[in-house]
Amino acid sequence: MGKIIVAGIGPGSQDDITPAVLQAVRQADAIVGYKYYFQFIESYVKADCECIDTGMKKERERAEQAFELAEQGKTVVVISSGDAGLYGMAPLVFEMAQERHSAVSIETLPGISAFQKAASLLGAPIGHDTCIISLSDLMTPWEVIERRIKAAATGDFVTAVYNPKSHGRYWQLYRLQELFLKERSSETPIGYVRQAGREEQEVKVTTLGAFNPEEVDMFTVILIGNSQSYIADGKIITPRGYYRDAPADSKNVGQGIMIESFRTIASELKKDYPIDHKWALLHAIHTTADFDMENILYTDPGAVETLYHQVADGRVKTIVTDVTMVTSGIRKGALARLGIEAKCYLSDPRVVEMANKEDITRTQAGIRLAIEEHPDALFAFGNAPTALMELCDLIRKGKAQPVGIIAAPVGFVHVCESKHMVKPFRNIPKIIVEGRKGGSNLAATLCNAILTFDDAAQLKPGRDL
């Protein structure tokens, strides 16, 4: 009695065939496989080896021929692309052995799968828990496939997608994208590789939101990152977690905790947001543990990114706050790194004199003094609605041209009105905590979100802790 060796010949390059598989091919009395695959092994096949090649969708016939030859005492190698156990011939051969009550010995030899080859070309996208889904519904009902897609998306798995599209299956990949966008950020990295390891190889990196299913065909493998994956230098990286290990430097311990917190928050958001708004939202929720921020945090489109670039380009030199608590909460490391100053005028000796003379609050007086010296600063309010109202009045009079406004005063008197007063200034980038909620901690963390926006794409906060 002979034997059957089910061998994975890799994704399509001779360089990716394992030595064990090559040895089996060299010693085979017969080789059975899909005719397209023989081109990758023909130089290793011995002269008297019987080669039986068939077309697509002839898997059962190939397996039956392999058993017939093995039952004649021959060593038969059944070849599959990639790994024979992954959407390959191995399961069919073992099932057929049971059906035939065959005494033929069966051995499997692993191969490099297409998703592994694709991953190596894309960088390091499968650095954490990964699942594989085929969109082919020839033998699996679509209802089952869709349940698996939803589970992969909600489970935050890195997901490899096989058989994404064919001439008769054009809509399934669109549906997968739709389901993933319900659970993942539109900025989630996606990489796809066509003809991995072959001369026609094409490698592309994009995001879940920008992904165009029309660029994919049946020869393509897709890899979707998880919530921690990011793109760097054109490659996809999914962290394993080594940089969250606690080093001797306690600063890095704090950053690791903050990164983990942000990832937890991101996974619990109700929907996806543009990265600009999302970065501010993550900071706000992290500071307050209040997911109502999803409902009440307002940002002008592009406000966070615009203000960051103005700071980074040196056009903003000063952040003015209404109370010292806000100033205290803005990270000193970020201020020093970017060369800007955070100031509060509340303790300035001139404030008391002006407040008494003009019969206004001290915070109003502080804003008037600030405008005299820094009319184009970034203004952040976390306590006093009267100070915010004062700034609005000075803008209306043409005496102030702030580069941006963070409006987060808290309380019950004039708070909502002060925030309504800010919105008409459409040419000024604004971040507003709507309603009664707010606070110095919120105003400070929103400043920090602006100062660290360059860390947003990698979801890596806490650099300046």
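This is a predicted model: local features need pLDDT of at least 70, side-chain atom pairs count only at pLDDT 80 or more; totals for chains, interfaces and linings use all residues.
**Entry 1**

I then turned to Tyr87, which at 44% relative accessibility is partly exposed.

I noted that a pair of aromatic rings is described by the distance of the centres and the angle of the planes. By the pairing rule, I recorded a count of ten aromatic pairs. One of them joins Tyr87 and Tyr162, with centres 5.2 Å apart and 50 degrees between the planes, so the pair is classed as tilted. Tyr87 lies in the loop between strand 4 (75–80) and helix 3 (90–100), while Tyr162 belongs to strand 8 (residues 158–162). The two residues are 75 residues apart, and their pair links distant parts of the chain.

**Entry 2: Other rings**

I next examined Phe379 and Phe381, whose rings are stacked at 6.4 Å centre to centre, with 15 degrees between the planes. Both Phe379 and Phe381 are buried. I also traced a cluster in which ring pairs link Tyr34, Tyr36, Tyr37 and Phe40. At Tyr298, I found the charged end of Lys423 over the ring, 4.5 Å from its centre.

**Entry 3: Helix 5**

How many residues does helix 5 have? I counted 13, covering residues 142–154. From first C-alpha to last, helix 5 reaches 18 Å, close to the 18 Å expected. Its buried residues include Trp142, Ile145, Ile149 and Ala153. I saw that the buried residues of helix 5 pack against strand 7 (130–134), strand 8 and helix 6 (172–181). After helix 5 comes Asp156, with a positive phi near 60 degrees.

Methods. Residues are numbered from 1 along each chain as its sequence is written. Side-chain values use heavy atoms; hydrogens and water are left out. Rings of Phe, Tyr and Trp (its six-membered ring) pair if their centres lie within 6.5 Å; planes under 30 degrees apart count as stacked, over 60 as edge-to-face and the rest as tilted. Helices (H or I, at least four residues) and strands (E, at least two) are DSSP runs, numbered from the N terminus. Buried means under 20% relative accessible area, exposed over 50%, partly exposed in between (1.4 Å probe, protein chains only). A charge sits over a ring if NZ of Lys or CZ of Arg is within 6 Å of the ring centre and within 35 degrees of the ring normal. The expected span of a helix is 1.5 Å times one less than its number of residues. Contact means heavy atoms within 4.5 Å.
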